[in-house]
Amino acid sequence: MPNTCDSLQKSVDWCEGTPVLPGIRKRLYYINKKLIVAWPTLTKNTIGQVTTAKYSGSFTLAESANWSYIDILPDKSSHTSEPQGEYPSQTQLNKLTVVHPGTGEDASVLASVMNNSNNVFICQTADGKYRVTGSEMYDIKCTVNQDLGQGATGTASTTINVEATDVVPSPFYEGEIVTADGTINEVVGGGGQ
């Protein structure tokens with residue numbers, strides 16, 4: 001019987017001198033997972049392998065729901081992905097650590113809510129692309145720390161730590177991000193809501 005497995009392995013080149021901009025931008029979007037009615041999809045082949053790292057479509061949100069934002073300090077924030085589990089069931093553990101420059105009442109309430117909620121996050125990379133941390137299949141762990149700083153030279157901040165299992169490193173997202181201030185990547189003639 002012939003092997004019908006598709007091979008997704010291919011060459012991945014890089015032209016020397018092409019910039020690879022590190023980091024994420026200063027605005028992070030988030031929403032509680034229970035407010036997502038339908039998720040965009042990752043294309044799969046006939047045996048269930050994900051064939052792309054980019055979502056197709058937009059998030060469909062519950063009526064009147066929208067993405068909220070948190071302004072962060074990009075120089076103190078990071079996003080990483082690492083493998084977890086054992087062959088042939090390995091997944092990716094996507095980790096997002098962002099620092100908000102404040103410890104006021106709004107940040108403190110946000111900390112208490114996020115510590116006990118299942119939130120999905122969208123960050124924009126330095127080169128302008130959006131990536132999602134959080135998946136439809138797995139819960140998202142979020143912990144929030146606050147530091148009131150030391151003396152006259154310390155820094156006060158709220159740090160949000162996110163761990164989310166997914167089948168690929170935080171998928172790319174070109175769909176709509178519906179916020180209270182308007183829609184980012186708005187699809188003309190209708191969209192993801």
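A pocket is an open set of grid points, where a 1.4 Å probe fits, with protein on both sides within 12 Å along at least five of seven lines. In this predicted model, the largest pocket has a volume of about 310 Å³. Its lining comprises 19 residues, of which Gly23, Ile24, His79, Thr125 and Arg131 are the closest to the centre. Strand 5 and strand 7 each supply at least two residues of this lining, and strand 5 gives the most, with four residues.

An open sheet of four strands runs in the order 5-6-10-9, with antiparallel pairing. Strand 5 (78-84) and strand 9 form its edges, each pairing on one side only. On average, neighbouring strands of this sheet are turned by 15 degrees against each other, direction ignored. Within the sheet, strand 6 and strand 10 are joined in the antiparallel sense over nine bridges. Val99 stands opposite Thr159 of strand 10. Helix 1 packs on the sheet, where it touches strand 6, strand 9 and strand 10. The direction of helix 1 makes about 150 degrees with that of strand 9.

Which residues of helix 1 are buried? In this helix, which spans residues 105-114, they are Ala107, Leu110, Ala111 and Met114. These residues lie on the same side of helix 1 because they cover an arc of only 105 degrees around the axis. Glu105 and Val109, on the other side of helix 1, are exposed. The contacts of the buried residues extend to strand 1 (24-32), strand 4 (68-71), strand 6 (91-100), strand 7 (119-125), strand 9 (140-147) and strand 10 (157-166).

Some backbone details remain to be considered. The peptide bond from Tyr87 to Pro88 is cis, with omega near 5 degrees. Pro88 belongs to the loop between strand 5 and strand 6, two strands of the sheet described above.

Positive phi values occur at Ser64 and at Asn185, each a residue other than glycine. For Ser64, phi is near 70 degrees, and the residue is located in the loop between strand 3 (60-61) and strand 4. Ser64 is exposed, with a relative accessible area of 69%. For Asn185, phi is near 60 degrees; Asn185 is found in the segment after strand 13 (182-184). With a relative accessible area of 32%, Asn185 is partly exposed.

Key: Residues numbered from 1 in each chain as written. Predicted model: local features only at pLDDT ≥ 70, side-chain atom pairs only at ≥ 80, totals over all residues. Heavy atoms only, no water. Buried < 20%, exposed > 50% of the residue type's maximum accessible area, 1.4 Å probe, protein only. Arc of directions from axis to C-beta. Contact = heavy atoms within 4.5 Å. Pairing = 2+ DSSP bridges. Axes fitted to C-alpha atoms, helices over the stretch in contact; angles between N-to-C directions. 1 Å grid on protein atoms, 1.4 Å probe; cavity = no way out; pocket = protein on both sides within 12 Å on 5 of 7 lines; lining within 4 Å. Points joined across faces, edges and corners; volume = space filled by probe spheres on them.
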